Structure formats: C-alpha cells, structure tokens
Amino acid sequence: MKILLAGGAGYIGSHIALALLENGQDVVVMDNFDNSSPEAIMRVEEMTGQTVSLYEADVTNKKVTLAVFKKEKPDCVIHLAGLKAVGESIEQPIRYYRNNIDTTLTLLECMAKTGCKNIVFSSSATVYGEENAAPCHEKMPKGKCSNPYGWTKSMMEQILQDASVADKDMSVVLLRYFNPIGAHESGRIGENPRGIPNNLMPYVTQVAVGKRDKLTIFGDDYDTPDGTCLRDYIHIMDLAEGHLKAVDFCVENKGTEIINLGTGQPYSVLDIVKTFEKVNNIQVPYEIGPRRGGDLPAVYADVSKAEKVLGWKAKRTLADMCRDSWNWQKNNPEGYE
Ligand code: UFG
C-alpha cells in the first residue's frame, strides 16, 4: 500500500514513516517544515535503506496538494498536518482555526477528487474536555476544550465524521493520542521542538543536557497521590505501531471509528522526573511553580477498544520512554540542526 503522511516530517510523522517502511509500505510525505525538518526524513531513509517521496508543500495549498494526490495515488492518508502549541493557540486563535481546519478540508477535497477513501486522523485526548473523568472512553460525549488548539481537533473530528456519513465508501479512523514521548531506540530520530518546549519530556531532556537550568513543575497541590498531574504517557514507537494497525483497519472498513492510543497507565509529573533520573543516572533539577491554566489533574485512557478493534496494545514501559528520550537528546543536543 501507499500511505500519504500529511505533515509527516514532524516528531510523530517521522516515527510513523519509519514503522511503515519497515513494514513494507510505500511512504509519501508532504510537509511545509514549519515545525519539522527534512533531516528527519533523510535519517528515516538512511535507517531503513528505503526511499520516501518527500514534497515540501503546505497542505493548505490545494493546487499543490491535488497535484501530489494525482501523481502518487495514495491508498490511505494519515493526517498529521497542523499547528499544535496550546499556549500559542490562545494568542493566535484565527491562525490556528484557519490552518488546522484548512488542512483538513483541503485533504478531503483532494481525496474526493482523486477517489482516495481512507483517512486516519491524528486527534487528541484533549477533545474529552474537563467534563469526562478519566479513564476516558471513546463512547463518552466530547467535552469543552480549554483552548483553540483543542477545539480545532474537536472540529476536525466532526468534519471527518460528517464526510464519512455523506460518502458511504469512506473510512475515517480518529486516533485520540494521549501523551506521546520517547524516541526511536537508535537515537537517530526524536522530538525536536522549536524554542522553549511546551511539553514535559522535551523540557526534562533539555534540562538534563544543560540547555535549561531547571524544570518548573506546574503545581503540586492537585488531588492526586503526589499532588502533581497524572497523564497517560505512551512511547512514540508504540504510537507509530498503532498507526500501522489503524491503516489496515481503515482500508478494510467503512464509516468512522474513534480509537484511543495510550497505555491506560497514569503517571505523575514527579514519576516522570524520578524515573528519568533513575534509568539515565542523571539529575534533573526542578522547582515547584504555580499551576498552568487549563491543566486537568488526571487524563488517561481506557485502552480496551484499541486492543479489541485493532489488536494493538502498547508494549513499552515508562523506563523505556525515559531511556529513549534521553538517548535521542544526548546524541543530538541541538536536535536536527
Ligand atoms: N508540565 C510541567 N512542566 C513543564 C511542562 C509540563 O509540570 O514544563 C506538566 C503539565 O502541567 C502536565 C504534564 O506535565 O501536568 C504534561 O504536560 P504536557 O504539556 O507535556 O502535556 P499535556 O497533557 O498538557 O498536553 C498534551 C498534549 C496536547 C494535548 C493534551 C491533551 O501536548 O497536545 O495532552 O490532553 F492537547
């Protein structure tokens, strides 16, 4: 099969590209390199000894995107193209709505024009909102999102679902990611955020490598066992392998299916820091700061549906995630630069 990864050169896309190639699939990547690097795809090619058809293109550009669809004729699209910084989305909501909704509409229009019926979408646990107590189950009604980024995910889910209602031959798989961390075990590809990291693990690794003085833990007065927030961290290679199963499911079925990708195991911010220090034998200086607006005390998945529907279950441990995140960072202190 040929899979088009829209926004495929980023952290998640590069690991999916690797897993797909290792599984014998053909991979096409479209990316504008806004928050990603062609170097990631070059390394994927080097690691697999295979070639990726790489297009430097913005998925909101319909003319260019249609030309790629016509030339490549993908069997399935994995839609990862979008802006993803929560704080930035609060400051620049219009840019987030314009970009993220536009990529989705453009992909759907190009799929309709060229007869591609299958799309796997990179959604987020954020769509459960604060109304739903963990563990989050796919049957729960979606909640209110705390920021425009989250709303774009929620809206994009709706758009994709509506498209599959209108076209009975379409297949949509909405994957709700929990917290992907870690890196490929080779340490050749990994997460490479621009500027100050928003997310916990890249911040921890940058403190460990000496790029930042200390981590600030956002609040230790939550109603959780150690007072810090609980999340469902999933190894990026487990997440990538979940996509292989999701693509198979997508091409074999019709309609819309919503599936959580997590481990189902909650860990606190302090669990992450302590495990990281222990498995890597390195100190991560930290201080306790105030809560960050919009953070929920506990977000983790009910993962039974992924196992039942996809036959997939995350295999890697928190220690694996911490070891592989550090392996990537220490071997690439400046990321891909
Ligand atoms: N945290 C810190 N210090 C930091 C960064 C994070 O203490 O410097 C804490 C946060 O308060 C939170 C936990 O670490 O308790 C995880 O924070 P992340 O920013 O890594 O992840 P979030 O759970 O906030 O957000 C993630 C994704 C979003 C998605 C959301 C959905 O990054 O894209 O899950 O639940 F919307």
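How many nonpolar, polar and charged residues does the lining of the largest cavity have? I started my notebook with that one, and I kept in mind that this is a predicted model.

**Entry 1: the cavity**

I looked up the classes and found six nonpolar, four polar and one charged residues in the lining of the largest cavity. Next I checked the count, and there is one cavity of 30 Å³ or more. The space inside the largest cavity is about 80 Å³. I then listed the lining, and among its residues are Y11, I181, E191, M201, T205 and W328. Two elements give two or more residues to this lining: α7 (200-208) and α11 (318-331).

**Entry 2: the ligand and its shell**

N199 places a polar side-chain atom 2.8 Å from an oxygen atom of the ligand. T216 uses its backbone: an N or O atom there lies 2.8 Å from a nitrogen atom of the ligand. F218 has a polar backbone atom 2.9 Å from an oxygen atom of the ligand. Last, I asked how much of the ligand the protein buries. Taken alone, the ligand exposes 680 Å², and the protein buries 89% of that.

Conventions: Residues numbered from 1 in each chain as written. Predicted model: local features only at pLDDT ≥ 70, side-chain atom pairs only at ≥ 80, totals over all residues. Heavy atoms only, no water. Polar contact = N/O pair within 3.5 Å; in protein donor to acceptor, adjacent residues only side chain to side chain. Areas by Shrake-Rupley, 256 points an atom, 1.4 Å probe, with all protein chains shown as cover. 1 Å grid on protein atoms, 1.4 Å probe; cavity = no way out; pocket = protein on both sides within 12 Å on 5 of 7 lines; lining within 4 Å. Points joined across faces, edges and corners; volume = space filled by probe spheres on them. Helix = DSSP H or I, 4+ residues; strand = E, 2+ residues; numbered from the N terminus. Nonpolar A, V, L, I, M, F, W, Y, C, P; charged D, E, K, R; others polar.
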